[in-house]
Amino acid sequence: MRASKRMSNSSASCGCCTRLDRQSQSELNATGVSYHKRNEHRNAMEQYVHALRSQVRQLRHLEEVRAGSIGLNRRVKRRLSQRMSQEETAVQEAKLVPLRSARTSHNQDQARLLGMSYFSKPLETGNSADESSDEFGDKCNAIILFNISLVHLETKNLEAAATFLEFARHTVGSSSSVEASTSLLKLMISGNLGYVFYLQEQYEQANTMFEDVVRLGRNVLDSIRKSEGVVCSSAQQAMCFLLMALINLARSYDRSGCTSDALAIYDEAEMLGNTMLDVFDAGCLDINLFAMPYIGAQIYQHKADYDKSIELYQLCLQQCREQPQCHLEEEAAALRGLGEVYFEQKHFDQSLQAFLLALGIWTNECGEESKEVADMLFAIGYIQYKREEYTDSLHAFEKVLKIHERAGGISHNETLKTLCMIAQVHRMRNELWDALMACKDILRLAEQHQICHPMVADVLRMEGALVHELGRTDMAETVLADAASLADAHDVKVEEITLAASYSCIQMPSDPAAAAA
């Protein structure tokens with residue numbers, strides 16, 4: 001009897017403390033959200049970390065109270081211990097990960113993000129009829145972790161963003177709640193994690209996350225349709241979420257080489273978008289009408305269905321002319337895609353015209369040292385090389401190299417390919433010594449950054465051929481010996497090097513976009 005009374009009193013005390021701590025946690029998160037919306041990231045992070053600490057204190061109190069409770073089963077105790085460990089780890093991560101200064105970077109290929117979306121608004125924890133429940137506690141923690149991940153995503157710290165999204169996913173993933181709000185939270189967390197993986201070019205992991213989001217989105221929409229019907233605000237929101245997930249998945253499939261799967265998902269997204277335009281007021285829908293044909297054009301391009309791809313790119317350009325709200329970057333992306341397709345068809349004049357128009361837009365919109373400008377200059381230089389306009393070609397490649405030297409975030413492989421083209425242009429202009437110096441720069445770069453790339457074999461062969469053409473047979477022996485040694489490190493066949501004297505041309509990719517990738 002006394003034991004039962006003690007347990008009852010402990011439970012009452014526990015419930016009271018839990019509600020107070022939960023209120024404090026919600027208030028701290030709300031303050032963090034307020035800072036977050038004003039882009040005061042450091043202040044927001046401080047409040048979010050305090051909110052997590054509040055949860056840890058609450059869990060410690062629960063552990064102390066429940067440790068003396070009679071009849072508390074081991075599963076509940078183990079669950080409590082696991083939650084304690086996870087929350088303490090999350091707090092430590094939040095304290096240790098440095099917060100970067102917010103900045104805008106144009107060093108990523110913005111065209112590959114067109115149509116891509118993520119959930120960018122920080123979330124409030126809200127209220128629950130049973131605020132002391134573990135389910136609601138998990139949901140609150142997942143929201144705070146989600147908000148922390150947003151701060152890191154907005155300040156370009158992708159590794160940290162992924163870490164806290166994984167924490168959030170694990171926290172809410174253990175919930176058995178069937179509430180629509182919990183399902184939407186899971187959808188947001190997985191969607192943003194897929195987006196981060198996509199930014200990191202981890203496309204297989206991105207596919208897995210986006211597939212999960214599509215599945216959750218379909219389930220939520222089916223549940224709403226059964227309970228509320230199709231024409232309601234909840235169904236509209238669920239459809240927007242599902243459309244976003246389908247577009248993200250189509251782009252990620254396409255990037256990972258699964259073009260047939262990408263086309264199937266794209267078709268589903270197009271059908272859903274048309275349904276939404278029929279059912280709801282178009283002005284109230286957050287649908288990027290440019291994104292759909294652009295994504296379709298990309299997929300058809302990668303499937304080598306060039307006629308369909310050109311048709312969709314031209315539709316994109318038509319929409320850009322007709323819609324004032326269309327961004328110039330979108331028009332430039334469509335021009336770039338159109339130029340790539342024309343290049344594949346060996347229509348070099350049309351390709352060059354499209355690339356030059358895209359270059360003009362990106363120079364004005366992104367700056368002269370952006371990755372987009374570098375990519376277009378490389379493509380233009382390569383077309384000029386194919387047309388034997390070597391002076392103009394060399395000028396373009398040298399501009400690309402300067403952008404690589406000044407701008408951060410550009411891969412060494414791209415610099416290596418640019419140097420390869422500079423070496424080849426010098427050789428075609430019979431500037432053998434300049435070509436040889438470019439080869440030495442390439443090999444120095446490859447060795448310094450341990451680049452294992454097939455083009456290293458081409459450069460080794462070219463260097464040997466250049467030394468031979470210069471008539472330095474004594475030096476040629478040394479060069480070929482060094483080349484053979486480097487070939488072992490880069491898995492290049494020695495037989496290929498010994499044919500250096502007869503080597504005449506670097507084989508570049510036929511796709512200028514691939515060459516710049």
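Select N157 to begin: this residue is buried, with a relative accessible area of 6% (buried means under 20% relative accessible area, exposed over 50% and partly exposed in between, with a 1.4 Å probe and protein chains only). The model is a predicted one, in which local features need pLDDT of at least 70, side-chain atom pairs count only at pLDDT 80 or more, and totals for chains, interfaces and linings use all residues. Residues are numbered from 1 along each chain as its sequence is written, and side-chain values use heavy atoms, with hydrogens and water left out.

Around N157, display the loop between α4 (134-154) and α5 (158-173), where this residue is found; helices (H or I, at least four residues) and strands (E, at least two) are DSSP runs, numbered from the N terminus.

Next, zoom out to the whole protein. It contains 21 helices and zero strands, and 52% of its 517 residues count as buried. Its accessible surface comes to about 24300 Å², with 48% belonging to carbon and sulfur atoms (Shrake-Rupley method, 1.4 Å probe; for residues, only the protein chains shown count as cover).

Now select F146, I189, Y294 and W362. These residues have the most contacts inside the largest nonpolar core, which has 140 residues; such a core is a set of buried Ala, Val, Leu, Ile, Met, Phe, Trp, Tyr and Cys residues joined through side-chain atoms within 4.5 Å. Helix α8 (residues 233-255) gives the most to this core, with 13 residues. In soluble globular proteins, nonpolar side chains tend to be buried together.

Stay with Y294. Leaving aside neighbours within four places in sequence, Y294 is in contact with A111, L114, R251, Y313, C316, A333 and A334, where contact means heavy atoms within 4.5 Å.

For residues 374-407, the end C-alpha atoms lie 10 Å apart, with 88% helix and 0% strand.

Finish at helix α15 (residues 390-406). Its 17 residues reach 24 Å from first C-alpha to last, close to the 24 Å expected at 1.5 Å a residue (1.5 Å times one less than the number of residues). Show its buried residues, among them Y390, F397 and H404; what covers the buried residues of α15 includes α14 (371-386) and α16 (412-428).
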